[in-house]
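This report walks through a few residues and helices of one protein model. Please keep the sequence and the structure at hand while reading.

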Amino acid sequence: LDVVIEERFLPLRSQIMAIFATHRDDPVTALTEMVRMLAVLAARYEWFAPLWMQEAIGEMPVLRQNLAARFGDERYQQTLASVKGWQREGKINPHLTPELLFTSLLSLVLVPFSRMRNDERLAGLTTDMIIHNALALMHQGIKNNG
């Protein structure tokens with residue numbers, strides 16, 4: 001498990017975290033780029049989306065437990081603090097629940113990638129379709145303003 005984490009998972013996680021370092025003061029751009037990066041990684045590495053989703057919903061989150069043992073809870077707490085700060089500064093919607101923001105965005109991208117490999121009804125989805133859907137929900141929600 002340590003080898004899988006070191007060689008496969010952490011490099012991808014680092015790519016995602018670099019987005020937030022680059023766009024520290026612009027959370028909308030950071031979150032938009034995160035959605036795009038997640039989709040690119042899920043398309044490139046077929047194991048990525050199912051593994052991450054298994055960890056998110058699984059009864060035995062081995063990867064998450066291993067990462068928590070190695071890195072502690074500090075990064076999670078920093079992330080929550082960043083989201084709450086962005087809300088106070090008026091940079092993102094104050095009605096969002098910080099504890100759910102990343103889980104929601106991850107789900108918008110990774111669930112379709114996980115399902116489309118095993119569900120023929122979703123086989124026609126493309127990476128661009130998944131990105132556009134996730135970003136439309138993220139930026140405009142589901143309300144029809146027109």
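Glu-46 counts as exposed, since its relative accessibility is 55%; here buried means under 20% relative accessible area, exposed means over 50%, and partly exposed lies in between, with a 1.4 Å probe and protein chains only. The model is a predicted one, in which local features need pLDDT of at least 70 and side-chain atom pairs count only at pLDDT 80 or more, while totals for chains, interfaces and linings use all residues. Residues are numbered from 1 along each chain as its sequence is written, and side-chain values use heavy atoms, with hydrogens and water left out.

The side chain of Glu-46 meets that of Arg-117 in a salt bridge, with 3.9 Å from N to O; the term stands for a side-chain nitrogen of Lys or Arg within 4 Å of a carboxyl oxygen of Asp or Glu. Glu-46 sits in the loop between α2 (27-44) and α3 (48-57), whereas Arg-117 sits in the loop between α6 (98-116) and α7 (127-140), so the pair ties together parts that are 71 residues apart in sequence. The helices named here are DSSP runs (H or I, at least four residues), numbered from the N terminus. Arg-117 is partly exposed, with a relative accessible area of 32%.

## A network around Asp-119

The structure holds five salt bridges, and Arg-115, Asp-119 and Arg-121 are linked in a network of such bridges. Asp-119 pairs with Arg-115, where the closest N and O atoms are 2.6 Å apart, and Asp-119 also pairs with Arg-121, where the closest N and O atoms are 2.7 Å apart.

## Buried residues and their contacts

Ser-114 has its place in helix α6 and counts as buried at 17% relative accessibility. When its neighbours within four places in sequence are left aside, Ser-114 is in contact with Ala-49, Pro-50 and Met-53, where contact means heavy atoms within 4.5 Å. Ala-49, for its part, lies in helix α3 and is buried, with a relative accessible area of 0%. Apart from its neighbours within four places in sequence, Ala-49 touches Ala-42, Leu-110, Phe-113 and Ser-114.

Ile-16 belongs to helix α1 and counts as buried at 7% relative accessibility. Leaving aside neighbours within four places in sequence, the contacts of Ile-16 are Met-34, Met-37, Leu-38, Leu-41, Phe-48 and Trp-52.

## Distances along the chain and in space

The C-alpha atoms of Ala-49 and Glu-74, 25 residues apart along the chain, are separated by 24 Å.

Gly-72, found in the loop between α4 and α5 (74-88), counts as partly exposed at 40% relative accessibility. Gly-72 and Val-111 are 39 residues apart in sequence and, from C-alpha to C-alpha, 26 Å apart in space.

## Helices α1 and α4

Two packed helices are described by the angle between their axes and the distance between the axes. The axes of helix α1 (residues 2-22) and α4 come within 12 Å and cross at roughly 85°; such axes are lines fitted to C-alpha atoms, for helices over the stretch in contact, with angles running from 0 to 180 degrees between N-to-C directions. The two helices α1 and α4 are therefore roughly perpendicular to each other, a label for angles of 65 to 115 degrees, while under 35 degrees counts as roughly parallel, over 145 as roughly antiparallel and the rest as oblique. On the α1 side the contact is made by Asp-2, Ile-5, Glu-6, Phe-9, Leu-10 and Arg-13, and on the α4 side by Leu-63, Asn-66, Leu-67, Arg-70 and Phe-71.

Val-62 has its place in helix α4 (residues 62-71) and is partly exposed, with a relative accessible area of 38%. Together with Leu-1 and Val-4, Val-62 forms a nonpolar patch on the surface, with about 230 Å² of accessible area for the three together. Patches are made of residues with over 30% relative accessible area and no salt bridge, like charges being joined within 9 Å and nonpolar side chains (Val, Leu, Ile, Met, Phe, Trp, Tyr) within 5 Å. Accessible areas come from the Shrake-Rupley method with a 1.4 Å probe, and for residues only the protein chains shown count as cover.
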